[in-house]
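Work through the exercises below with the sequence and the model side by side. Each task is followed by a solution in steps.

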Amino acid sequence: MRNAHAGRSASPSHHHTGRRHLLRAILRSAPLLLLGAWLALLPTQSASAMPEFARRYNLSCAACHSAFPRLTKFGELFIKNNMRLPNWMETADQLGDDRLALPDHVPLAIRAQAYVQARQGKAIDPVSGARQSATTDFQSPYLLKLLSSAPLSKDISYYFYAIMAEKGGNGEIVVEDAWFRHANLFGSGMMLGQFSLSDAMFPREIRLPFQDYMVYCMAGITYDRGVQFDRDVGPFGLTLGFTNGNGITDNFKINGTGYSRPDRMFDNDNSKTTFAHVATDIGPVAVGLFGARGKQRGAAGPAGMDKSRRNTDKRVAGLDASGDVGADAHWYAQYLWNDWRGFLHADPTRDYRWNGGFTGLDWIPNERWPSRRRTTTPAPATSRAPTPSTKASPSTA
């Protein structure tokens, strides 16, 4: 990633020192790496791969996932169809009310993830420069998710999940995706709740790499609360949304007079973020354009680690593209440009512009992941599904 300030190049001695540290870290972590390789070669138990959607529709997880949690074209079509199949009504309780379709069981699932990791990385205090490091780590459990989703009526579905072990902060509970979606409101789909703005481009929760799409996190276009509309117009898939613009942690307590009760407002100012995404296919390549505009708190304090009470203008523009290489490989790329006006509290007259991106290639190496069999699935939906991912994986119970 590149910003407005270019850094100095490292000296050769620093390169040699870094290589020596990396070699020592690899040698120290060799037992863990061998253990991880041995575990990866163990046979999988398909009986334990029973997420909620698979149970409800009596389907294999492989119908929607080519390499978990990556979606197949059928999985994208499932999401575009409001996360239901044509026979969804058969899975609902028959209550004598055509407007209501409650599931015939409590729709819960559990997803667990664990890792053994070796890396060359440190925690560095930006003020004092103090460092802390650990080259190997047993990350078990890394996270536990409680998921739930079901149709509630002809047009309405809901989805939410809560992380019960938050990536090292064991004992924390964090709700990320939580929304209702109406499939046909004046000809458009409408989603109301908590979701990631960046999911219109590449849903982060169905990525295969362990590393996050950090450019989305740094641009502040991940989880927020708001409303999103989507529809197809000819060959184009359109997404338009409005969110609070302050993420899912900031708020303020109401204590003024008038007709009110002690409560908290999720939005801590009167500004809203507007975002849009346009997607289409150009031959075998799916392309999309993204734009967002809103306000964010500026940076204050030592090394800019604190938030200013002053709002600053923010503009984001992005270009995304993806495609297939044969039946077993899928490539994707993202470029993001950001313009933050007066972001630094110490110098509000200065604008800060930066850009970044990522690119990747997902490869399904063998028949253990039966991707070739799914080339006969129904015709795919628009390449960029307008709603967030289901986040259901074979590790879901």
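**Exercise 1. Contacts and overall make-up**

Task: Find what share of the contacts between residues at least 6 apart in sequence join residues at least 24 apart.

Solution. Take a contact as heavy atoms within 4.5 Å. Among contacts in the protein between residues at least 6 apart in sequence, 59% join residues at least 24 apart. The model is a predicted one, in which local features need pLDDT of at least 70 and side-chain atom pairs count only at pLDDT 80 or more, while totals for chains, interfaces and linings use all residues. Residues are numbered from 1 along each chain as its sequence is written, and side-chain values use heavy atoms, with hydrogens and water left out.

Next, list the elements: the protein has 5 helices and 18 strands. These are DSSP runs numbered from the N terminus, with H or I over at least four residues for helices and E over at least two for strands. Last, of the 397 residues, 42% are buried. Buried stands for under 20% relative accessible area, exposed for over 50%, and partly exposed for the range in between, with a 1.4 Å probe and protein chains only.

**Exercise 2. Confidence**

Task: State where in the protein confidence is lowest and where it is highest.

Solution. The protein averages 81, and 78% of the residues score at least 70. Helix α2 (residues 30–40) has the lowest confidence, with a mean of 48, and strand β14 (residues 273–282) the highest, at 98. Then look at the stretches where pLDDT stays under 50. One is residues 1–11, for which the model has 14 contacts beyond four places in sequence. Another is residues 35–50, with 13 such contacts.

**Exercise 3. The largest nonpolar core**

Task: Which residues have the most contacts inside the largest nonpolar core?

Solution. A nonpolar core is a set of buried Ala, Val, Leu, Ile, Met, Phe, Trp, Tyr and Cys residues joined through side-chain atoms within 4.5 Å. The largest one has 45 residues, and Tyr 216 and Ile 221 have the most contacts inside it. Beyond four places in sequence, Tyr 216 touches residues including Met 201, Phe 202, Ile 221, Leu 336 and Phe 358.

Now follow Phe 358, which lies in strand β18 (residues 352–363). Phe 358 counts as buried because its relative accessible area is 16%. Its contacts beyond four places in sequence include Phe 202, Tyr 213, Val 215, Tyr 216 and Gln 334. Gln 334 is 24 residues from Phe 358 in sequence, and their C-alpha atoms are 5.4 Å apart.

**Exercise 4. A cis peptide bond**

Task: Is the peptide bond from Ser 140 to Pro 141 cis or trans?

Solution. Omega is near -5 degrees, and the bond is cis. Pro 141 belongs to strand β6 (residues 136–151).

**Exercise 5. The second largest pocket**

Task: Which strand gives the most to the lining of the second largest pocket?

Solution. On a 1 Å grid over the protein atoms alone, a pocket is an open set of points where a 1.4 Å probe fits, with protein on both sides within 12 Å along at least five of seven lines; lining residues have an atom within 4 Å of a point. The space in this pocket is about 770 Å³. Of its 38 lining residues, Gly 220, Asn 246, Gly 247, Gln 296 and Lys 307 are the closest to the centre. Elements that each supply at least two lining residues include α5 (214–219), β10 (223–233), β15 (285–300) and β16 (306–325). β15 gives the most, with 8 residues.

Methods: Grid points are joined across faces, edges and corners, and a volume is the space filled by probe spheres set on the points. pLDDT is the predictor's confidence in each residue, from 0 to 100.
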